[in-house]
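User: I am new to this entry and would like to learn how to read its parts and the way they meet. Could you take me through it step by step?

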2 protein chains.
Amino acid sequence: MAQTRNVVIGMDLGGTNVRAAVFSMEGALLARRQTLMEAARGPAVGLENVRKLIEEVLGLAGSVALRGIGIGSTGPLDRARGTIQNPWTLPTWKDVDIVSPLSAHFHVPVMLENDADAAALGEYWQGAGKGVRRLCALTVGTGVGTGFILDGSIYRGWRGLHCEVGHQVLDPNGPECYCGAHGCMEVLIAGPALGKLAREKAAAGENSLLWEMAGGNIDQIDARTAMEAARRGDPAALEVAQHAGRYLGLGLVNIIAFLAPEVIVLGGSVMSSYDLLQPIVREILERHSVLMPSREVCIVPAQLGDNAGVCGAALTAIQTLPRAGRTI
Amino acid sequence: MAQTRNVVIGMDLGGTNVRAAVFSMEGALLARRQTLMEAARGPAVGLENVRKLIEEVLGLAGSVALRGIGIGSTGPLDRARGTIQNPWTLPTWKDVDIVSPLSAHFHVPVMLENDADAAALGEYWQGAGKGVRRLCALTVGTGVGTGFILDGSIYRGWRGLHCEVGHQVLDPNGPECYCGAHGCMEVLIAGPALGKLAREKAAAGENSLLWEMAGGNIDQIDARTAMEAARRGDPAALEVAQHAGRYLGLGLVNIIAFLAPEVIVLGGSVMSSYDLLQPIVREILERHSVLMPSREVCIVPAQLGDNAGVCGAALTAIQTLPRAGRTI
């Protein structure tokens with residue numbers, strides 16, 4: 001008879017997909033699956049999808065004993081109450097308790113975390129910032145998600161608040177964000193912001209490669225188009241890259257001024273073009289190295305890709321277990 | 001015979017004066033004295049002044065046994081090496097070891113900290129943020145000094161670095177600072193910045209009350225003049241106050257986004273006019289309360305005044321002693 005292995009589940013709950021992975025207590029990934037959230041069909045369907053996914057992935061992992069579940073979810077959420085309040089990317093999910101039903105069904109502790117925090121913790125545990133004492137991770141995609149890992153745990157603010165480094169104000173003359181700020185980092189460098197800027201640049205000059213790449217339809221120009229056109233030397237697109245690099249650089253300067261981390265991990269779709277932005281970012285870090293060693297802080301690409309969230313979520317579950325029963 | 005009491009010394013070492021105070025292990029201030037640093041006469045004279053000051057204040061405290069010395073000093077400094085590198089405000093003090101000679105002379109551990117960190121720790125221990133888990137203190141005077149106290153200790157960055165929240169970038173189109181940034185918080189709201197802005201406003205309009213208050217000499221207009229003129233309703237000076245309130249507010253928004261502290265303590269000469277800036281600051285915090293509860297964070301004036309530095313420095317000394325021998 002095969003020996004039963006203690007495991008935890010790490011989940012990554014997004015607007016479209018939900019991923020689940022089984023991890024051993026030592027951090028080995030034993031099985032991984034994903035399914036559609038179908039959020040718009042209502043919380044009951046979504047929760048059922050999640051439950052079935054967990055059972056499926058546990059089945060794949062073989063002879064295991066489940067000890068805990070960690071969930072990294074698109075927010076806003078309430079960790080203490082275990083509820084998700086996100087009718088924007090999870091239509092119908094307005095104050096949905098996800099912790100109680102899963103905990104009752106699987107008879108294990110369930111932890112709910114912000115997805116950016118979970119991704120940061122994953123990169124700390126098994127990725128680009130393995131074991132460093134202070135790690136800040138940025139995920140630049142539709143938004144700018146950030147997590148700060150201090151001494152191996154997610155940094156908590158007042159009332160256990162998740163911090164919002166991605167909404168730091170960088171330029172009060174910048175565009176308006178839903179967060180209330182003008183010129184916060186997200187509204188300056190997230191994908192939608194870069195797409196909008198590229199469309200403005202394209203509208204201002206008819207010769208841009210952006211038009212060609214979008215088949216003459218301006219609505220088809222997005223951040224990806226802009227980065228590809230910049231790579232091919234298009235002047236308008238290079239201005240977009242310049243903008244992105246400048247504000248990313250200033251955001252990193254502030255992260256270093258506030259937190260002085262050893263490592264900053266960059267992930268998300270926009271950061272797959274980091275090589276284009278890097279010269280500008282490096283120049284800005286160099287210039288801001290009088291009081292802080294900005295030029296020396298390690299700025300590295302995320303290593304875990306889609307696995308960062310499930311990995312970090314699994315670690316939050318392990319961290320709730322009695323220390324005697326774990327190796328981390 | 002009087003009972004000998006265990007004590008520590010807290011020192012506040014500035015460009016002009018050095019203060020020393022004797023504290024009991026329970027935090028009672030037993031004696032306090034200050035003297036001139038006379039930094040320009042060379043480190044040997046300065047160190048001798050410090051040594052004599054400590055002996056004098058110990059003498060005033062009665063029958064005591066010295067257990068440690070904590071120093072909050074104007075930086076830059078190197079905590080690990082115990083050296084001060086500040087030829088700017090302490091002329092001739094370029095890489096001066098202050099820890100070794102004092103430790104050798106008094107036979108106790110000596111801790112060296114940044115003065116803004118010491119002041120923040122003082123406000124945590126006995127002042128405006130007594131016992132809160134996350135406290136950020138801003139001292140706005142000649143510069144913007146900041147300290148972040150997390151779970152009762154000064155937050156340390158990589159390599160034990162002191163963080164530089166006062167040099168966060170708030171407006172990349174702002175004036176240039178020696179730190180390398182354009183529009184960092186210090187170059188926008190510290191006393192010299194407000195004085196410069198007031199002189200510019202005065203130069204642009206001859207009817208300003210600023211001229212009258214400065215006796216017709218523009219060089220006499222400083223931050224204090226501006227705040228007083230604003231209080232008397234002068235339009236040019238009110239623009240200076242508006243500027244100060246706006247950028248202070250945005251700086252607080254970022255502090256909350258990064259650290260989510262329970263309490264932010266405001267001290268320093270410029271903050272003695274906080275009542276003038278408060279309406280603008282409150283409006284900004286209100287507007288930036290979508291993701292973070294900025295409007296609810298407690299923004300309070302510093303309570304310890306000149307004693308914050310010596311008080312926090314004393315606590316750093318106490319914190320190095322074996323836990324058995326202390327009550328904190």
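User: Which domains does the domain assignment give for chain A?

Analyst: In this predicted model, the assignment divides chain A into domain 1, made of 5-122 + 306-325, and domain 2, made of 131-301. The C-alpha centres of these two domains of chain A lie 28 Å apart, and their contact takes 13 residues from domain 1 and 13 residues from domain 2.

User: Which elements supply the side of domain 1 of chain A that touches domain 2 of chain A?

Analyst: At least two residues each come from β8 (110-114), α3 (115-126) and α10 (307-320) of chain A, and α3(A) gives the most, with six residues. Sorted by class, this side of domain 1 of chain A holds six nonpolar, three polar and four charged residues.

User: How should I read the relation between chain A and chain B?

Analyst: Two copies of a chain are related by a rotation about an axis together with a shift along that axis. Here chain A is superposed on chain B by a rotation of 180 degrees with 0.0 Å of shift along the axis, at an RMSD of 0.0 Å, which is the relation of a two-fold axis.

User: How many residues of chain A are in contact with chain B, and which helix gives the largest share?

Analyst: The contact joins 33 residues of chain A with 33 residues of chain B, and helix α8 (residues 235-259) of chain A provides the largest share of chain A's side, six residues. By class, that side of chain A has 20 nonpolar, eight polar and five charged residues. Because 100% of the interface residues of chain A are also interface residues in chain B, the copies meet through the same surface.

Notes:
Residues numbered from 1 in each chain as written. Chains lettered and ligands numbered in written order. Predicted model: local features only at pLDDT ≥ 70, side-chain atom pairs only at ≥ 80, totals over all residues. Domains from an automatic or database assignment. Contact = placed C-beta atoms within 7 Å. Helix = DSSP H or I, 4+ residues; strand = E, 2+ residues; numbered from the N terminus. Nonpolar A, V, L, I, M, F, W, Y, C, P; charged D, E, K, R; others polar. Least-squares fit on C-alpha atoms with pLDDT ≥ 70 in both.
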